[in-house]
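User: I'd like to go through the labels on this model and ask what backs each of them up. Could you set the values against the cut-offs as we go?

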Amino acid sequence: MKLSALLLFCAASVAQEMNVRTLIFESESSENYVELTPQKPLDLSSFTLCLRVATELPQEDREIILFAYRTQDHDELNLWREFDGRIGLYLRSSGEAAFFTVPALGPMQTHLCVTWESSSGATAVFVDGKKSLTKIYKKSHTVVSGGRVIIGQDPDSYLGDFNSVQSLVGEISDINLWSYVLPDSFIKQMATQTLSPACSGDVIDWKLVNLQIIGNVAHITRNV
Ligand code: CA
Ligand code: CA
């Protein structure tokens with residue numbers, strides 16, 4: 001769908017009540033996770049990744065994996081809450097990341113998005129619709145297909161070597177991935193739920209995406 005068509009579609013769905021699936025990870029583990037089957041392969045020269053997350057894990061104490069896309073040999077696209085509370089975006093990297101100092105994630109639900117665009121390397125984070133400063137990261141890079149998307153654990157092999165102290169404990173939902181950079185104003189409207197959740201990604205569409213639950217993860221539906 002073209003961006004203009006997407007915006008029109010979303011504009012038509014303003015303020016609709018909807019049922020939204022949500023995932024609850026009740027305890028720290030190295031076993032529990034959810035695998036998502038994206039709507040299309042992750043061949044990406046730009047993207048917008050959004051989700052809603054809440055966690056009671058203490059700040060400045062522990063890193064948390066928020067999104068993991070792993071190919072055979074690499075963490076291809078990973079999003080973290082770092083030890084110090086920053087958000088870290090890792091594209092095929094074993095340490096080099098784009099880090100963003102943002103308001104801390106916490107026990108109240110946060111709408112979090114990250115955008116990245118290969119031709120300029122421009123990347124930014126949005127917390128509840130407010131944009132961070134723009135960083136330059138992985139210019140001319142491409143995210144490649146052939147991997148698997150999981151929520152709840154950071155794989156260090158394909159697909160295992162999970163570490164419990166990196167796992168997600170909390171609630172996560174509304175995980176959408178677009179193959180392009182959404183306008184700032186669109187992200188802001190999603191955050192305030194005047195557009196979302198009727199609008200969803202072309203690569204991962206949270207309304208449709210198949211969820212395979214491994215271990216103890218609660219999968220419920222909320223009316224928003
Ligand atoms: Ca790890
Ligand atoms: Ca890893």
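**Labels and what backs them up**

Analyst: Let's start with a strand pair: β1 and strand β13 (residues 170-178) run antiparallel to each other, joined by four bridges. Keep in mind that this is a predicted model.

User: Which other strand pairs with β1, and over how many bridges?

Analyst: That's β15 (residues 218-223), again in the antiparallel sense, over six bridges. With at least two needed, β1 and β15 therefore count as paired too. Here N19 sits across from N223 in β15.

User: How do you know that β1 is mostly covered?

Analyst: Strand β1 covers residues 19-25, and five of those seven are buried. Buried means under 20% relative accessible area. For the whole protein, 54% of the 224 residues get that label.

User: Why is I220 called partly exposed?

Analyst: Its relative accessible area is 39%. Buried would need under 20% and exposed over 50%, so I220 lands in between. This residue is part of strand β15.

User: What does I220 touch, leaving aside its neighbours within four places in sequence?

Analyst: V20, R21, T22 and I24. A contact here means heavy atoms within 4.5 Å. As for S173, 47 residues away along the chain, its C-alpha atom is 10 Å from that of I220.

User: Now the loops. What makes D128 stand out in its backbone?

Analyst: D128 has a positive phi, about 50°, and it isn't a glycine. D128 lies in the loop between β9 (122-127) and β10 (130-131). At 40% relative accessible area, D128 is partly exposed.

User: And S140: buried or exposed?

Analyst: Exposed: the value is 60%, and the label needs over 50%, so S140 clears it. S140 also has a positive phi, near 70°, without being a glycine. You'll find S140 in the loop between β11 (135-136) and β12.

User: How do you know that the peptide bond between Y158 and L159 is cis?

Analyst: Omega gives it away: the angle is about 5°. In general, most peptide bonds are trans. L159 belongs to the loop between β12 (148-151) and β13.

User: Zooming out, how does the radius of gyration compare with that of a compact globule?

Analyst: They agree: for 224 residues the globule rule gives a value near 17 Å, and the protein has 16 Å. Along the principal axes, the C-alpha atoms fill a box of roughly 45 × 40 × 30 Å.

User: What share of the contacts joins residues at least 24 apart?

Analyst: It's 70%, counted among contacts between residues at least 6 apart in sequence. The secondary structure behind all this is two helices and 15 strands.

User: Last one: what do the surface and charges look like?

Analyst: The accessible surface comes to about 9700 Å², and carbon and sulfur atoms hold 50% of that. On the charge side there are 18 positive and 26 negative ones, with their mean positions 8 Å apart.

Notes. Residues numbered from 1 in each chain as written. Chains lettered and ligands numbered in written order. Predicted model: local features only at pLDDT ≥ 70, side-chain atom pairs only at ≥ 80, totals over all residues. Heavy atoms only, no water. Rg over C-alpha atoms; globule rule 2.2 N^0.38 Å. Buried < 20%, exposed > 50% of the residue type's maximum accessible area, 1.4 Å probe, protein only. Areas by Shrake-Rupley, 256 points an atom, 1.4 Å probe, with all protein chains shown as cover. Lys, Arg positive; Asp, Glu negative; His and termini not counted. Charge placed at Lys NZ, Arg CZ, Asp CG, Glu CD.
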